[in-house]
Amino acid sequence: ALGSLLMSYYEDGEIHHAARAGTGPTNATQRAWQALLKPASRCPFVASPLFPQDKIVNRCEPTEIAEMEVAEWARDGQPVVLGWRRDKVPQGIILET
């Protein structure tokens with residue numbers, strides 16, 4: 001099953017990693033999401049995020065928008081995934097402060 005999503009935003013036409021989000025969806029929802037995601041041949045981020053060597057990371061094309069709830073932006077904080085947003089395009093996602 002899908003462990004977590006890598007969340008990102010656009011800035012000056014480049015994709016930046018923001019956080020990992022894995023809290024919220026059920027196992028069935030995670031399987032449905034995994035079917036939507038298309039594998040990428042390379043990391044889409046300007047700077048590839050670092051992960052522990054025991055983690056398997058499957059990168060995908062930034063084609064889907066997930067709505068998430070963030071209590072506070074923190075290095076170790078994890079946003080809660082609420083669902084997909086069908087009313088937005090990836091290029092319109094920016095870091096909101």
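Accessible areas come from the Shrake-Rupley method with a 1.4 Å probe, and for residues only the protein chains shown count as cover. By this method the protein chain exposes about 7,000 Å², of which carbon and sulfur atoms supply 48%. The structure is a predicted model, in which local features need pLDDT of at least 70 and side-chain atom pairs count only at pLDDT 80 or more, while totals for chains, interfaces and linings use all residues. Residues are numbered from 1 along each chain as its sequence is written, and side-chain values use heavy atoms, with hydrogens and water left out.

Confidence is given as pLDDT, the predictor's confidence in each residue, from 0 to 100. The mean pLDDT of the protein chain is 80, and 88% of its residues reach 70 or more. Confidence is highest in β1, at a mean of 87, and lowest in β3, at 78.

The protein chain holds one helix and four strands, where helices (H or I, at least four residues) and strands (E, at least two) are DSSP runs numbered from the N terminus. Read from the N terminus on, the elements follow the order β-β-α-β-β. Strands β1 (residues 5-11) and β2 (residues 14-21) pair in the antiparallel sense over seven bridges; pairing requires that DSSP finds at least two bridges between two strands. The two strands form a hairpin with two residues between them, and E11 stands opposite E14 in β2.

The turn of this hairpin deserves a look. D12, in the loop between β1 and β2, has a positive phi of about 55 degrees although it is not a glycine. Most residues other than glycine have a negative phi. D12 counts as exposed because its relative accessibility is 76%; buried means under 20% relative accessible area, exposed over 50%, and partly exposed in between (1.4 Å probe, protein chains only).

Turning to the interior, buried residues make up 26% of the 97 residues in the protein chain. The largest nonpolar core has eight residues, namely L2, L5, M7, A21, W33, L37, A66 and V81. Such a core is a set of buried Ala, Val, Leu, Ile, Met, Phe, Trp, Tyr and Cys residues joined through side-chain atoms within 4.5 Å. Across the protein chain, residues 24 or more positions apart account for 50% of the contacts with a separation of 6 or more.

S8 lies in strand β1 and is partly exposed, because its relative accessibility is 27%. S8 and I94 are 86 residues apart in sequence, yet 8.4 Å apart in space, C-alpha to C-alpha. Not counting residues up to four places away in sequence, S8 touches I15, H16, H17, A18, F45 and I93. V57 sits in the loop between α1 (27-36) and β3 (66-69) and is also partly exposed, at 28% relative accessibility. V57 and L6 are 51 residues apart in sequence and 9.4 Å apart in space, C-alpha to C-alpha. With residues up to four places away in sequence not counted, V57 touches L6 and F51.

Finally, the cysteines. The structure holds zero disulfides, a disulfide being a pair of cysteine sulfur atoms within 2.5 Å. C43 is buried because its relative accessible area is 17%, whereas C60 counts as partly exposed at 24% relative accessibility.

Technical notes: Contact = heavy atoms within 4.5 Å.
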